[in-house]
Amino acid sequence: MTSLQVVMVRVYYGDHFEHPSTHEHLTTPETVAKFANLFLSFILLMSGIAALVIGIWLGSEANEYNYFISPNGLTPSILLIVFGIVLFMFSSVACCATARHSGFLLGMVVVTMFLLICAEVVGTTYAFTYRDSFKEEVTNDTLAKIAGYSQPGWEDNSTTVFDRIQADLECCGVTIGPTDWAKSTNASVPSLATYWVKTHTNDVPDSCCVTNSTNCGAGKADTTGDTIFKQGCVDALFDWFDEKMIIFVAVVVVLLILQLMNVCGMYLWRRCIVHGF
């Protein structure tokens with residue numbers, strides 16, 4: 001029998017191909033250990049599915065603001081989707097390997113899980129590193145969008161999206177707030193809303209209003225009342241990103257804990273299989 005055939009037989013039949021007694025006469029502690037590993041592998045499998053679903057949800061949330069957020073803003077969701085798929089695949093293999101007493105497959109899964117743990121730590125570190133440059137990217141993108149707000153032909157990629165951002169995140173303007181929509185009185189400092197100020201002097205879009213109604217933003221660019229949202233949209237988007245990062249980190253921490261438990265359990269179970277019970 002060739003080496004490849006031996007490997008294939010061990011994968012399919014498990015290590016009891018060479019040690020027929022492996023499946024027979026398990027003691028109570030051995031049975032408990034086996035089913036404990038099966039349970040942990042199943043929990044990890046379900047966690048992989050959960051991570052995949054959460055990653056897709058985070059991605060759909062970010063897609064709502066894709067005109068303001070660069071592709072790098074999808075990093076946390078993409079990482080969770082990848083982690084979820086890989087976890088699901090190898091947790092399924094771990095369940096089969098545990099059930100079939102395959103020390104060969106368990107060894108492969110333990111090594112892969114360890115590499116995935118390292119990848120998760122690196123990925124989370126990268127996501128936090130990107131966080132530092134996220135605000136700068138959002139600021140530049142938002143400044144570009146406010147400049148073309150209300151300009152004919154920009155309805156889909158600027159006006160409509162900016163209105164949705166302001167209404168959803170309860171913000172107004174870019175960094176300062178409502179005054180970002182006002183016409184600049186300083187010749188050396190150009191107005192941010194370049195096209196808007198051509199037809200509006202001291203107005204804000206109606207989407208800045210706490211209670212949205214037609215012309216509710218007229219003359220409100222310098223208001224100090226409670227009828228207009230005060231926070232700039234850059235800070236609001238950054239707060240939104242921080243909320244998603246908290247979810248991302250929480251999911252990764254749970255996955256790491258479950259993986260470490262699973263790796264330890266599989267390693268010990270493999271030692272029992274390979275060296276005998």
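## Valine 174

Let's start with valine 174, which sits in the loop that links helix H5 (155-169) to helix H6 (196-199); helices here are DSSP runs of H or I with at least four residues, numbered from the N terminus. This is a predicted model, in which local features need pLDDT of at least 70, side-chain atom pairs count only at pLDDT 80 or more, and totals for chains, interfaces and linings use all residues. Residues are numbered from 1 along each chain as its sequence is written, and side-chain values use heavy atoms, leaving out hydrogens and water.

Valine 174 has a relative accessible area of 0%, so it counts as buried (under 20%; exposed is over 50% and partly exposed in between, with a 1.4 Å probe and protein chains only). Not counting residues up to four places away in sequence, valine 174 touches several residues, including Thr142, Leu143, Asp180 and Cys233 (contact means heavy atoms within 4.5 Å).

## Serine 207

Next comes serine 207, in the loop between H6 and helix H7 (233-275). Serine 207 is buried too, at a relative accessible area of 6%.

The side chain of serine 207 makes polar contacts with the side chains of aspartate 163 (2.7 Å) and glutamine 166 (2.6 Å). A polar contact is a pair of N or O atoms within 3.5 Å; within protein, one must be able to donate a hydrogen and the other to accept it, and residues adjacent in sequence count only if both atoms are side-chain atoms.

## Glutamine 151

Finally, glutamine 151 belongs to the loop between helix H4 (103-147) and H5. With a relative accessible area of 26%, glutamine 151 is partly exposed. Beyond its neighbours within four places in sequence, glutamine 151 is in contact with Thr159 and Tyr195.

Note on methods:
Helix = DSSP H or I, 4+ residues; strand = E, 2+ residues; numbered from the N terminus.
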